[in-house]
Amino acid sequence: MLFGHPDQETVQFNEQSLWGGLNNWDGDYDTGVTGFGSYRNFGSLSLSFTGRPEVTSPGGPYEVSNNETVERSYDGSSSTKWCLIGPPAHVFWQAKLPSPTVVTSYSITSANDVPARDPQDWVFEGSNDGTTWTPLDSRSIAPFEQRQQTKTFEFSNSTAYRYYRFDISPKPGVSHFQLSEISLGGVSLADGDTLFVSSPSGHADSLVGSIDNSTGTVWSAKGRPVWQAQFGAARRITGYSVTSGTGSAAKDPTAWTFSGSNDALTWTELDAASGVSFPGRGAEVARTLTSPAQFAYYRLTFEAGARIEVGGIALLAPGYSTRSQSIVVDYRRALDLPSGVHTTHFATSNGTVLRESFASRDADVIALRYTTDQPGGMTTTLRLTSAQDNAPTVADAAKGRISFAGTMANKLSHSAAIDIDTDGTITESSGALVIAGATRILLLLDARTDYKLSAADGGAARPRSHRSTRR
């Protein structure tokens with residue numbers, strides 16, 4: 001059985017010869033390992049793709065105001081802030097990403113009070129070792145015009161870095177330094193439930209452009225395109241925003257309706273807009289609902305006709321914006337019955353992902369393949385666990401193999417192994433294997449016992465190596 005989620009995938013597997021029980025049992029009905037017996041769960045494979053950036057504030061020492069730590073700078077809430085008392089001449093904010101990523105924009109949100117404390121002078125840098133830094137952008141600006149205001153800054157960069165940092169120079173003579181939020185274009189910094197975005201009208205081709213926090217990309221559609229967001233449970237929303245693209249103003253949306261639903265079937269109209277004019281390129285129009293709404297689904301239906309370009313869409317509430325949430329676009333799962341191949345397909349701001357799985361009767365293995373169009377864009381932690389006692393896991397990064405073996409109380413021996421073929425790196429961590437910086441991952445899972453299904457079987461061997469299948 002395969003349990004799928006963008007952040008976590010689990011495969012629970014069985015093998016027909018893994019049985020509990022003793023030969024010639026003549027006692028009471030007992031499904032235990034040493035009784036009458038029963039079919040047993042072999043084990044599970046899990047892959048965790050939830051590697052998050054590590055955000056820190058090196059340098060210092062810093063005196064933090066009222067527990068307003070650096071974690072507040074990426075919690076997705078503009079009502080919290082990172083605040084330092086008596087800041088030094090240089091304040092550093094640093095993000096270590098799971099894998100090298102090209103960043104060409106970032107956003108900063110001002111805090112709730114005292115404009116003089118805003119970041120006004122900084123250098124934005126990238127690095128692949130955390131030691132040698134390359135300047136990518138620098139700014140010297142006046143304090144933000146508004147409190148809790150978000151500004152996005154773009155720059156040219158074609159290099160994927162694993163580390164990014166701000167070297168900020170607080171204004172001399174100001175008692176505090178503070179900001180509310182920092183976000184990096186195309187990078188999800190915040191934890192929290194995944195938001196699923198789709199286009200029920202069939203306009204998903206460039207839909208990721210509406211959620212990637214980059215004005216350099218757009219969602220392009222024509223006709224009557226629908227943008228839809230699904231939360232895991234009903235979520236209170238007080239408003240939303242639509243951002244124009246950077247191209248011709250003639251392609252800006254001018255009319256739409258905003259609706260909510262709890263079953264994606266019956267919709268309640270919450271807002272309607274017409275004759276909308278955007279103040280500039282990459283400009284945001286924010287709208288407040290007449291009363292807060294609480295639904296699991298929200299959608300925007302654009303009255304387009306001709307082609308429109310949307311630079312961004314966000315759902316808003318006090319101290320909350322979907323811009324800082326983990327978002328998955330166009331999530332689809334399918335089973336091709338003639339071939340028996342199960343596929344999962346989705347996109348994020350970090351690229352498009354395809355996951356495929358197949359159980360081969362002839363080869364007696366389960367094959368799982370993971371690919372992305374983002375070079376080096378996959379990092380996952382792989383765990384293999386036996387469902388039976390006394391079968392410890394062995395992780396061998398050098399061989400690209402993880403396995404377990406054991407003998408049950410009825411003397412039945414069993415073992416399972418996974419061979420890994422990837423263009424990423426493999427390291428061992430606490431009995432698991434971490435695959436980092438991968439564009440493709442192929443897993444071959446083999447599970448066996450020494451049970452003789454018939455006199456002609458002659459017993460089964462331990463899982464064989466599939467290294468000859470490397471491509």
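Predicted model: local features only at pLDDT ≥ 70, side-chain atom pairs only at ≥ 80, totals over all residues.
Residues are numbered from 1 along each chain as its sequence is written, and side-chain values use heavy atoms, with hydrogens and water left out. Local features need pLDDT of at least 70 and side-chain atom pairs count only at pLDDT 80 or more, whereas totals for chains, interfaces and linings use all residues.

**View 1. Lysine 81 and aspartate 113 form a salt bridge.** The structure holds 17 salt bridges (a side-chain nitrogen of Lys or Arg within 4 Å of a carboxyl oxygen of Asp or Glu). In this pair the N to O distance is 3.2 Å. Because lysine 81 lies in the loop between strands S5 and S6 and aspartate 113 in the loop between strands S8 and S9, the pair ties together parts 32 residues apart in sequence. Strands (E, at least two residues) are DSSP runs, numbered from the N terminus. Lysine 81 is buried at 10% relative accessible area, while aspartate 113 is partly exposed at 27%. Buried means under 20% relative accessible area, exposed over 50%, and partly exposed in between (1.4 Å probe, protein chains only).

**View 2. Lysine 251 meets glutamate 309 in a salt bridge.** The N to O distance is 3.7 Å. Lysine 251 belongs to the loop between strands S17 and S18 and glutamate 309 to strand S21, so the contact ties together parts 58 residues apart in sequence. Lysine 251 is partly exposed (33%), but glutamate 309 is buried (15%).

**View 3. Glutamate 284 and arginine 323 are joined by a salt bridge.** Here the N to O distance is 1.9 Å. The pair links distant parts of the chain, 39 residues apart: glutamate 284 is in strand S20, and arginine 323 is in the loop between strands S22 and S23. Glutamate 284 is partly exposed at 40% relative accessibility, and arginine 323 is partly exposed at 30%.

Definitions and conventions
Helix = DSSP H or I, 4+ residues; strand = E, 2+ residues; numbered from the N terminus.
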